[in-house]
Amino acid sequence: MPRDSDLYASYLALGLQALIPIALGSFKSLKTPANTLRKLRAARRDKLALDLSYCDHVDFDDEEDAENLEETLTWADSLMFPVLGSVALLGLWAILKYVGKKWINLILGVYFSGAGIFAVQSTFSTLINLALRALSIKSKTYHIRISAGIRQIFHLPFTLPSLVLLPFSMILPALYIPLGRPYILSNVLALCLSTATLALLKLDSFLTAFSLLGLLLIYDIFWVFATPVMVTVAKGIDAPIKILSPKTSPFSHPTDFAMLGLGDIVVPGLVIALCLRYDFARHVRSHPKEDVTTRSKFSKPYFVAGIISYIIGLGTTMVVMHWTRRAQPALLYLSPACTIGPLLLALARGEIKDLWSFNDAPSEDDESDEKKNILDDTIEPPSEVAQQARTAATKESDSTPVESGSGGGTGGARIALDEDDSWMEGGVVGGGGDDGGKPRKRKGGKRK
């Protein structure tokens, strides 16, 4: 039987592992405001067109900006969580009971190994970028572009550290099943999956957050205390859907573990990430003239309150579990803690109304900007040489008078340049080529 000192160490290790993806995933969920992105992109275009020094005071990472996949959960989505969770849980329990755990463990192991490649790559790239940034080392961003003519059909920005990590990200999950599903490797994959999930999923408001916590609190109590389903599935499935901490020395081939399901990390983590985004939004509102990015420093009172609430809730779970020697539904303690903590802070600061009215769902303007950016990103950005050729052609044309034609125009008229890509085929607009400096036309009289 494990000693109390070993159990305390096991609970501490479990709690520390849970905090890592919550903190990392919360910061990965931040997004640079749309108006700041427009300024940064405009400055980058100006640098290409005019060869001016790019705003050194603005820290902008092409690779991080490209990672904009996200899914916003609304209040209606929160109502479906317990329903879908119950269906999935019952399905897994029925397979374990009537089919056996061999095939389900194999299928889930293969599935999570595949998903783990992307999760490991994303998580460890972020960790390395944080370490390099702390050492004031800036990684240069490279780009892979595939184009058809000037139409860009694929664009992948990457840094050298992320490229070096790619073999590691593929090999590590691939070894999960051949090595016999060691608990350390299972924990690594589970923590990476939790981090990636928190970066991908976002709650739109505190109404959604507190509704989700309340509904899943009832869900957890029912499936843990009223039926053996939750415990049976948690113990029967050997896949990275939980984190494990040995109750004895980790160097003595442990067989008894304390465990925490990923749902007990991700669900409160979604609320804590929302607290951090609320802190960020408050900072953006209070500094309207600054180019605030995700790397800007800002106060985080609600994020800190969320982290402290999570620690209190998880600590209470472990105390009760140790005292009763029985599995506990962690959300029974985490849900009230992560609800009461931010609300008490908002009440003390007189910000209840602002907290409750905060909405993090993408606005129509943001969605319109994203559509425009998607359209713009399909165009292959001209090289610096091409930009200089276009600028030189424009200046030359602006300074060259032309005689009036047969249509009776004045002699002081100048050529009005439209957006013209004829320089790509060797011609210079208005440069006095074989066609007399006139813009080339397609059939039908339209300019090319």
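The side chains of Glu351 and Arg349 meet in a salt bridge, with 3.2 Å from N to O, a salt bridge being a side-chain nitrogen of Lys or Arg within 4 Å of a carboxyl oxygen of Asp or Glu. At 16% relative accessibility Glu351 counts as buried, whereas Arg349, at 38%, counts as partly exposed; buried means under 20% relative accessible area, exposed over 50%, and partly exposed in between, with a 1.4 Å probe and protein chains only. Salt bridges that share partners join Asp279, Arg282, Arg349 and Glu351 into one network.

This is a predicted model, in which local features need pLDDT of at least 70 and side-chain atom pairs count only at pLDDT 80 or more, while totals for chains, interfaces and linings use all residues. Residues are numbered from 1 along each chain as its sequence is written, and side-chain values use heavy atoms, with hydrogens and water left out.

Helices (H or I, at least four residues) and strands (E, at least two) are DSSP runs, numbered from the N terminus. Another salt bridge joins the side chains of Asp354 and Arg285 at 3.0 Å, N to O; because Asp354 lies in helix α13 and Arg285 in helix α10, this pair too ties together parts that are 69 residues apart in sequence. Asp354 is partly exposed at 29% relative accessibility, and Arg285 is partly exposed at 47%.

Five bridges join β5 to strand β6 (residues 257-261), and the two run antiparallel; two strands pair if DSSP finds at least two bridges between them. The bridge partner of Leu244 in β6 is Met259.

Turning to the whole chain, there are 15 helices and six strands, and 39% of the 448 residues count as buried. Of the contacts (heavy atoms within 4.5 Å) with a separation of 6 or more, 74% are accounted for by residues 24 or more positions apart.
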